[in-house]
Amino acid sequence: MTEAGLSVVLNSAAPIALDVSLECAQGELLAIIGPSGAGKSTTLRAIAGLHHPASGSVICEGETWLDTDRALDVPAHRRRVGLVFQDYALFPHMTALANVMAAMGHLPVAQRAERAVTLLARVHLAGLEERRPAELSGGQQQRVAVARALARDPAVLLLDEPFSAVDRATRRRLQVELANLRQGLAIPIILVTHDLDEAASLADRMLLLHRGRGLQTATPSEMLARPASAEVARLLDLRNLFTGVILAHEVGLTRLRWGNQILEAAPMPSLPPGTAVDWLIGAGGVVLHRRGRPSAGERENPVSGTITAQLPMGEEMRVTLDVGDPEGRQLTFALPRHAAQRNSLAAGEACSVSLLRDALHVMPRP
């Protein structure tokens with residue numbers, strides 16, 4: 001990582017457990033995701049200097065803000081951090097302009113008003129400078145909070161659930177605005193969110209936390225397609241998670257025993273035969289065998305079962321299939337509603353699918 005990035009190592013056993021290591025490059029947006037109580041906000045607070053871990057380090061743009069080995073802990077007001085709180089934390093008695101100017105203690109007084117006006121215009125609040133928070137919508141208050149965070153000329157921007165207090169339509173607009181805003185910010189940005197779709201659409205990489213521990217850092221597409229473990233897959237609410245045993249390795253593939261079936265997966269020579277594994281197949285890796293129109297692709301990991309449920313989801317139909325899994329788990333996949341109707345899919349009917357080999361992801365069991 002270059003000196004312009006952010007490097008963080010945090011460790012604590014109590015009162016809040018932390019075992020977090022992260023890096024965020026200049027201009028990168030890293031989303032921290034995980035269930036409530038995972039340590040997401042605590043991690044942001046530690047970076048900002050508002051929480052003090054038992055041990056660790058925080059280095060940003062070559063400046064060391066925390067190094068417990070050297071007993072160095074730069075106070076929050078001296079760290080160049082822009083922090084947007086979940087509830088925005090605006091001063092209710094101040095106008096939007098004054099709220100932004102309040103973060104400009106590093107600038108000469110004569111420059112503050114002009115700079116604040118520029119920042120408010122940047123977040124689409126031109127003309128609303130004299131309104132107080134109570135006179136602004138939730139989305140407008142969030143924009144003021146972002147402008148105030150940027151007013152510090154921060155070396156890193158920290159966003160703690162910044163869209164959680166607004167309605168869905170406003171949330172989508174603000175997400176687009178953040179995506180546009182970050183194009184002009186050559187600083188690390190860390191976004192804490194419970195919304196996996198939000199993280200996947202906005203972030204360059206995601207860090208999954210659980211009980212204060214970082215489980216995986218990866219691009220959104222990599223994490224969703226290739227989680228590091230079954231624990232990660234469950235926390236991401238990924239379906240089609242099963243268990244199996246490595247059977248054999250052949251040229252270009254690995255064979256996996258799943259109950260009474262043998263599946264082909266991408267080669268994994270590091271896992272010896274007999275190794276118990278978890279495996280995952282994404283919904284996009286499940287291909288329906290069309291009735292009366294067989295294809296060559298149907299020979300790839302064919303699986304048959306009985307439809308136990310169908311759930312309309314907009315223009316899609318989510319199908320649940322009992323495939324005789326030894327642990328009673330069922331296979332789910334989605335397809336266009338017209339395709340479900342054309343193939344006469346219905347609860348109680350037999351159904352066959354193929355599991356695409358390249359979409360079958362295998363994880364060693366702990």
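I counted as a salt bridge a side-chain nitrogen of Lys or Arg within 4 Å of a carboxyl oxygen of Asp or Glu. The model is predicted, so I note that local features need pLDDT of at least 70 and side-chain atom pairs pLDDT 80 or more, while totals for chains, interfaces and linings use all residues. Residues are numbered from 1 along each chain as its sequence is written, and side-chain values use heavy atoms, with hydrogens and water left out.

Entry 1, salt bridges. I found 15 salt bridges in the structure. One of them joins arginine 365 to aspartate 278, at 3.4 Å from N to O. The two residues lie 87 residues apart, aspartate 278 in strand S15 (residues 276-281) and arginine 365 in the segment after strand S21 (360-364); strands are DSSP runs of E with at least two residues, helices runs of H or I with at least four, numbered from the N terminus.

I took buried as under 20% relative accessible area, exposed as over 50% and partly exposed as in between (1.4 Å probe, protein chains only). Aspartate 278 is buried at 5%, whereas arginine 365 is partly exposed at 41%.

I defined a core as buried Ala, Val, Leu, Ile, Met, Phe, Trp, Tyr and Cys residues joined through side-chain atoms within 4.5 Å. The largest holds 47 residues, and Leu157 is among those that touch the most other members. Helix H4 (residues 138-151) gives the most to this core, seven residues. Another core, apart from it, has 30 residues, including Val277 and Leu360.
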